Amino acid sequence: MNAHTLFTKTPPFRLFLFAAVPGAVSMLASALYQLIDGIFVGRFLGDTAFAALNLAMPFVIINFSLADLIGVGSSVPISISLGKKKEEEANNLFSCACAMIVAAGIVIGGILFLGAPLLIRLMGAEGEFAAQAVQYLRVYALCSPVTTIVFAMDNYLRICGKVRVSMMLNILMSVLSVVLEFTFLGVFRFGIWGAALATCLGMCVCALGALSFFIRGNLQLRFCRPRFSFAMVRQIVACGTPNFLNNIAGRITSIMMNVLLIRFGGQSAVSIYGILMYVDGFIQPLLYGMCDSLQPAVGYNWGAGLRKRVTAIERCCFSASAVLSLTSCAVIFNFPETIAALFMQDAAGGYFEGAVEALKLFSFTYITRWFSFATQSYMLAIEKPLPASIISVSTALLFPLLIVGILWPLGLTGLWLNFAGTSVLAAVLAGITLQVVFSAERKKQAQTAG
């Protein structure tokens, strides 16, 4: 089935099953690996290594954020160009984006490798705690020229209608990473750097595997001699900015939270926060997988002027996101002891009790989280980067900072409640954004009809 038939002819619910379900399965494989990664590090290497991993993780994600900006930012105009039958323009966007991602991986990787000791020290970490965090970050930095393109390749394969190929590569990446990490940590007894190396090797294999499909030249997108222009780069940056700002703002928030956690509760509080992030790292990729997998279809139909079909596809996206999010809330709230015990060598004492209480408060995040997430994805798909950016930055940075100030007297409890409070404010903002965009679209249609 080619992309045109898939995106414009397939009934919306069937399209959802064909595109979003494999997308969610791909992200589920990734989420399961991230969860297992935390379990392996916590159980094989201990609490200090687990805390070090979570201290370094914001910088690891920043390492991928610029590549993600280019990958997501190019995917939207590529889909719209294909919808308008401008294949040459789409191929140039694709080729330029790949070159930009590799260059960004080299530059950002080099900066993070050299700056790792200073960055970790500035967060207040010392001794073995800091040393392990630096080791973990530097492995990702060294591998970034190859690994950072892997998620963009995922988007490009879906644009070409290769949804199942994308899914299989994601599953392969997760399986490879799990096997390698178990071998490195459980058999060879490597340090925390072995956990990072296992992930990077899995990413490298799948990034090169995905590139091979495009190098053969039998997909809708093909490599060509890149022709850069300021307008093209600006378009990519504009479309990718919401996702980039979400990553950067979210990591700034994580860094700030880690500093406060060290102040309020020390290494144990950082570890508890890490557990919450691993839980979120399991759920959010599923939401992302469903919404992001439908973006090429939404963008293609938007470019083709099929507004009613766009609405029908988005109904599926919002409904599925709500079901997943509310189910997650119920599971976390009812089984916090089971979840907390996965990451601990000794599931007892104050550390364990603190993690259980934090998980219960954290579960309320998912009552409303789905709405702003799906709205932001929709804004990106229809090339509305400004409202998507506003939701993104507010959710990842502005609202958390506001709530930190309001709940400061509650100490650690206030930090655990921060997630749920942010989610409520983000849902309100998303609702207002949809009303404004719908109103503007109706006005535009009325003027066109007149």
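Predicted model: local features only at pLDDT ≥ 70, side-chain atom pairs only at ≥ 80, totals over all residues.
Are Asp154 and Arg158 buried or exposed? Both of these residues are buried. Asp154 and Arg158 form a salt bridge, with their closest N and O atoms 2.5 Å apart. They are about one helical turn from each other, because they sit 4 residues apart in helix 6 (residues 150–159).

A search of the whole structure finds 2 salt bridges. Glu88 and Arg227 form a salt bridge in which the closest N and O atoms are 3.7 Å apart. Glu88 counts as exposed because its relative accessibility is 59%. Arg227, at 43%, counts as partly exposed.

Leaving out residues up to four places away in sequence, Met153 touches Phe94, Cys98, Ala207, Ala210, Leu211 and Phe214.

Other buried residues can be followed in the same way. Ser79 lies in helix 3 (residues 47–83), and it counts as buried because its relative accessibility is 4%. Beyond its neighbours within four places in sequence, Ser79 is in contact with Ile159, Pro296, Gly299 and Tyr300. Thr147 is part of helix 5 (residues 127–147). With a relative accessible area of 0%, Thr147 is buried.

How many disulfides does the count come to? The count is 0. Cys96 has its closest cysteine sulfur in Cys224, at 6.9 Å, so the two are too far apart for a bond. Cys96 is also buried, at 0% relative accessibility. Cys291 is in no disulfide either, although the nearest cysteine sulfur, that of Cys317, is 3.3 Å away. A disulfide needs the two sulfur atoms within 2.5 Å, so a separation must be judged against that limit. Cys291 is buried, with a relative accessible area of 2%.

The last stop is the outside of the model. Arg189 is found in the loop between helix 7 (163–187) and helix 8 (192–215). It counts as exposed because its relative accessibility is 58%. Not counting residues up to four places away in sequence, Arg189 touches Phe44 and Phe184. Arg189 and Cys143 are 46 residues apart along the chain, and their C-alpha atoms are separated by 21 Å.

Phe13, Leu17, Val21 and Val25 make a nonpolar surface patch of about 320 Å². Val21, one of these residues, is found in helix 2 (residues 12–45). Val21 counts as partly exposed because its relative accessibility is 35%.

Methods. Residues numbered from 1 in each chain as written. Heavy atoms only, no water. Patch = residues over 30% accessible without salt bridge, like charges linked within 9 Å, V, L, I, M, F, W, Y side chains within 5 Å. Areas by Shrake-Rupley, 256 points an atom, 1.4 Å probe, with all protein chains shown as cover. Salt bridge = Lys/Arg side-chain N within 4 Å of Asp/Glu carboxyl O. Helix = DSSP H or I, 4+ residues; strand = E, 2+ residues; numbered from the N terminus. Buried < 20%, exposed > 50% of the residue type's maximum accessible area, 1.4 Å probe, protein only. Contact = heavy atoms within 4.5 Å.
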